[in-house]
Amino acid sequence: MKTYLARLALIGLTFCGAVLALNGSALAQNGPLRIEIDQGVIEPLPYAVPDFIPDDPAAREYAAQIARVVAADLSGTGLFREVPASAHISKVSAFDDAVKFADWKAVNAQALITGAVSVKGKRLTVRFRAYDVFSEGELGGGLQFSGTTDGWRRMAHKVADAVYSRITGEGGYFDSRVVFVSETGPKNDRRKRLAIMDYDGANVQYLTNSDAIVLAPRFSPTGDRVLYTSYETGFPQIHVLDVGKVQRRILSADDGIMSFAPRFAPDGRTVVYSQSQGGNTDIYTMDIASGKRTRLTNAPSIETAPSYSPDGSQIVFESDRSGAPQLYVMPAAGGAARRISFGTGRYGTPVWSPRGDLIAFTKQSKGRFHIGVMRTDGSEERLLTASFLDEGPTWSPNGRVIMFTRETQGASGRALLYSVDITGRNLKPVRTPDGASDPAWSPLQN
């Protein structure tokens with residue numbers, strides 16, 4: 001038991017040193033154990049996911065696929081390492097069979113996930129259990145999820161989220177989606193349209209055509225609507241799109257006035273955005289139902305890229321009022337703003353973490369672009385990436401991972417999506433059918 005928990009202590013679950021309480025009957029038999037975490041991952045935790053058991057013939061095609069998606073989710077975090085099936089000694093032939101823990105210890109699997117799948121008509125049900133191999137006990141009780149056969153990948157993501165949460169003590173992020181700008185064509189004639197996909201690049205659907213330039217899509221707090229900027233009328237204007245119905249309408253339609261960089265407030269009823277009029281760019285809010293607008297800034301500088309804190313009390317934004325783009329925080333109703341970025345270079349596209357503890361940003365310094373994070377007071381700045389062009393960070397629902405755009409250099413360069421852990425580890429591309437930019441992560445799906 002202590003060995004297992006000691007290895008869990010090596011998983012870097014926080015941005016810097018912190019104390020984490022891991023709870024649960026399998027993890028704390030004598031009350032919650034508190035673990036000091038002061039470094040990143042040294043070695044991923046080994047686990048095993050045998051193919052899930054089909055409870056009926058119709059479930060056979062889904063059982064193995066679901067187990068593979070669960071494994072891909074967990075291993076993709078960089079916190080876990082799968083023990084391959086070729087190394088398994090035990091074979092799981094029935095969901096309720098007793099676990100032969102000695103066999104899993106022999107292959108150094110510290111966690112074991114077993115499952116079963118049943119299908120009745122179009123209804124698919126997944127049952128699963130997760131075990132702490134060394135303490136020979138379950139990590140929480142068994143659970144089951146149900147949905148349609150078309151949504152089998154969602155069921156797999158839900159299983160992975162539950163396992164991830166039980167082992168790390170954090171919320172999951174696998175059962176989520178990403179809206180982004182799909183890009184095709186040469187660099188001097190890019191065609192752009194909105195698209196949506198699962199967090200891992202599966203199930204891509206297109207939400208708009210490529211007749212007009214679209215930019216900066218942003219999910220509502222409930223994940224059912226998307227704000228974005230479109231040049232359909234010749235001027236940048238804010239649109240809102242109902243994802244389920246793929247219906248859209250213009251929120252801002254004043255002739256000759258540019259509005260852009262929209263983002264929902266946490267209540268989902270208000271939009272904060274930038275508006276350019278008479279050569280001046282300031283930050284406004286709009287009540288979606290009534291269309292009432294409120295001006296929050298009034299300065300000769302450019303104020304843009306606003307983002308609310310999770311509690312809706314503050315807004316972080318980008319401004320060049322000091323001579324170069326820097327990050328500022330002000331009350332959500334407007335008022336005095338305080339500067340929080342003081343490093344060398346230019347800062348932009350700030351976005352508040354869903355945890356409320358960090359702000360992600362784009363930084364340009366010494367000819368390189370970076371994705372970074374800092375505390376909300378500007379302290380502890382940390383650069384996570386560096387390349388020819390990295391920009392536009394967006395947070396996973398649990399505040400653990402950041403997705404962003406990376407563009408390659410040269411005439412044939414293209415924009416692609418990447419993700420990185422907040423420790424700066426596990427940098428990897430996110431698969432998309434074509435070029436992609438401006439990602440925005442949804443909350444967990446209901």
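This is a predicted model: local features need pLDDT of at least 70, side-chain atom pairs count only at pLDDT 80 or more; totals for chains, interfaces and linings use all residues.
I started my notes at leucine 241, which stands opposite arginine 248 in strand 16.

Strand 16 covers residues 247-250, and it pairs with strand 15 in the antiparallel sense over four bridges. The hairpin of strand 15 and strand 16 has four residues between the strands. I checked phi there and found that valine 246 takes a positive value near 50 degrees.

Then I went to the other neighbour I had noted for strand 15. Strand 14, residues 225-230, pairs with strand 15 over six bridges, again in the antiparallel sense.

Is strand 15 largely enclosed or open? I looked at residues 237-242 and found five of the six buried, so strand 15 is largely enclosed by the rest of the structure.

Last entry, helix 4. I wanted to know what its residues 152-168 should span. At 1.5 Å a residue, the 17 residues should span 24 Å, and the end C-alpha atoms are 24 Å apart, so the two agree. I also looked at how covered helix 4 is: mostly, with 15 of its 17 residues buried. Just after helix 4 I came to glycine 169, which takes a positive phi of about 85 degrees.

How values were computed: Residues are numbered from 1 along each chain as its sequence is written. Side-chain values use heavy atoms; hydrogens and water are left out. Helices (H or I, at least four residues) and strands (E, at least two) are DSSP runs, numbered from the N terminus. The expected span of a helix is 1.5 Å times one less than its number of residues. Buried means under 20% relative accessible area, exposed over 50%, partly exposed in between (1.4 Å probe, protein chains only). Two strands pair if DSSP finds at least two bridges between them.
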